[in-house]
Amino acid sequence: MTDETPPREEFSHDPIDHVRVHDDMTVGELATQYGNAGIGANDLHDAIGITERMFDEDDVSVFFGLAGAMVPTGMRQLIVDLIRDGYIDALVTTGANLTHDAIEGIGGKHHHGAVHGDGEKTEREHDEALRDEWVDRIYNVYLPQEHFTLFETHLREEVFSAVDGTVSIRELTAELGRANAAVNEREGIEEDAGIAAAAYEADVPIYCPAIQDSVLGLQAWMYSQTSEFSLDALADMTHLNDLAYHSERAGAFVVGGGVPKNYVLQTMLVTPTAYDYAVQLTMDSPQTGGLSGATLDEARSWGKIEKAGENASVYADATITLPLVIAAARERIE
C-alpha cells in the first residue's frame, strides 16, 4: 500500500470471475456462468434467479406483461407454454399481439424478410415496393395483408357474432381465445391455436387495456357502429384488482414497456401489499423519466414493489433475453 492509498481492509468482496463454456453445457449452466461476470450478464443472471423463485413458489401469483412485437417475432409458443404449464396467472398484453396471435392460430404466417430489401433499393424504396405488393413490415418480419383480411372475417363471423351488448375487454379476449381454438381445430391448422386459446382453456384472464390501438380494436369499433356491441374499458379493473388483492404473494414479469407494464404495476396501488418479485426486460432507458424506461427500484417508491422485494432489469432486446431467462428458470425448476 502506497502513501497515497487510503487506509482500508483488503478489498475481497465477491470478485469477478470469468465465464467458462463447454460443448455440452445447458442453458441453466450458462446462466450460472453469467453470474460470474459483470454488467448485463450479471443482470441477466439475477433476473433468472428471481424468475425461478417467482415461478417455483406455489403461493405467488404471476402477473405477466407482454408489450412490443413479441408474437410476430417468434415468441408466441414460449408464452403459450408458460400459460399451459401454469406459470402465468394473469396476462396483460397489446391488441397487436392478440391480432398477430389470432392470425397464426387461424392459418396465417409471418415471414423472414430483409430490412433494406434486395441491396439495391434504399429502405424507403423497399418499403414503397412492399406497399405496392400489399406486404407489411415489422423490422425484418413480413406479413402479407391478406392475413389481416382473414383475421377481420374471423372476428365478424366467429367472435363478434357470439358477443351480445356491452362486455369487458377481458370477456372479449376470452371469446377470441375460444374462437381461435375452435377454428384452429376445425380447419386442421398446423400451427398451435395460440396464446388467447391457451389462456381461454386454462382460465387465465387476458387484459388488453389499450385494445383500441390495434387492428383488433379498429375492427371492434367498426362492429360497434352497426350493432349493440360495446366494450366497457373500466370493467376489467375490478377483476384485475380483486385478483391482486386476494393473492397471498405476487410477482410481476414485464416484457417491454408502455401500457402493459404500467397496468401490471399500478394494480398494486389499490392493494395492501405489493409485488414480492419483479423482472423487466426492456431497451428503454430511465433518464427520460418515461414509464417504459422507469426502473423497478423507482416502482418501489410508489409502493408497487415491496421494500424487501427482489427485482432485476435487463436492458437488451427481449427477443434475445426472454427465451434465455425462461429456459434457464424452467430448467432449474423442472
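A residue is counted as buried when its relative accessible area is under 20%. In this predicted model, Ser-247 has a relative accessible area of 9% and is therefore buried. Ser-247 is placed in the loop that joins helix H10 (235-245) to strand E9 (249-255).

Two polar partners of the Ser-247 side chain were identified. One is the side chain of Ser-61, with which the side chain of Ser-247 forms a polar contact at 3.2 Å. The other is the backbone oxygen of Leu-243, which is 2.6 Å from a polar atom of the Ser-247 side chain. When neighbours within four places in sequence are set aside, the contacts of Ser-247 are with Ser-61 and Phe-63.

A separate part of the model contains an open sheet. The sheet has 3 strands in the order E3-E5-E4, and the pairing is antiparallel. Strand E3 (111-112) and strand E4 (135-138) are at the edges; each has a single partner strand, so one side of each has no neighbour in the sheet. In general, strands of a sheet pair through backbone hydrogen bonds, in either a parallel or an antiparallel sense. Between E3 and strand E5 (residues 141-144), the antiparallel pairing extends over 2 bridges. Within this region, His-111 is opposite Tyr-142 of E5.

Helix H6 (residues 146-159) lies across E3, E4 and E5. The direction of H6 is at about 60 degrees to that of E5.

Methods. Residues are numbered from 1 along each chain as its sequence is written. This is a predicted model: local features need pLDDT of at least 70, side-chain atom pairs count only at pLDDT 80 or more; totals for chains, interfaces and linings use all residues. Side-chain values use heavy atoms; hydrogens and water are left out. Helices (H or I, at least four residues) and strands (E, at least two) are DSSP runs, numbered from the N terminus. Buried means under 20% relative accessible area, exposed over 50%, partly exposed in between (1.4 Å probe, protein chains only). A polar contact is a pair of N or O atoms within 3.5 Å; within protein, one must be able to donate a hydrogen and the other to accept it, and residues adjacent in sequence count only if both atoms are side-chain atoms. Contact means heavy atoms within 4.5 Å. Two strands pair if DSSP finds at least two bridges between them. Axes are lines fitted to C-alpha atoms, for helices over the stretch in contact, and angles run from 0 to 180 degrees between N-to-C directions.
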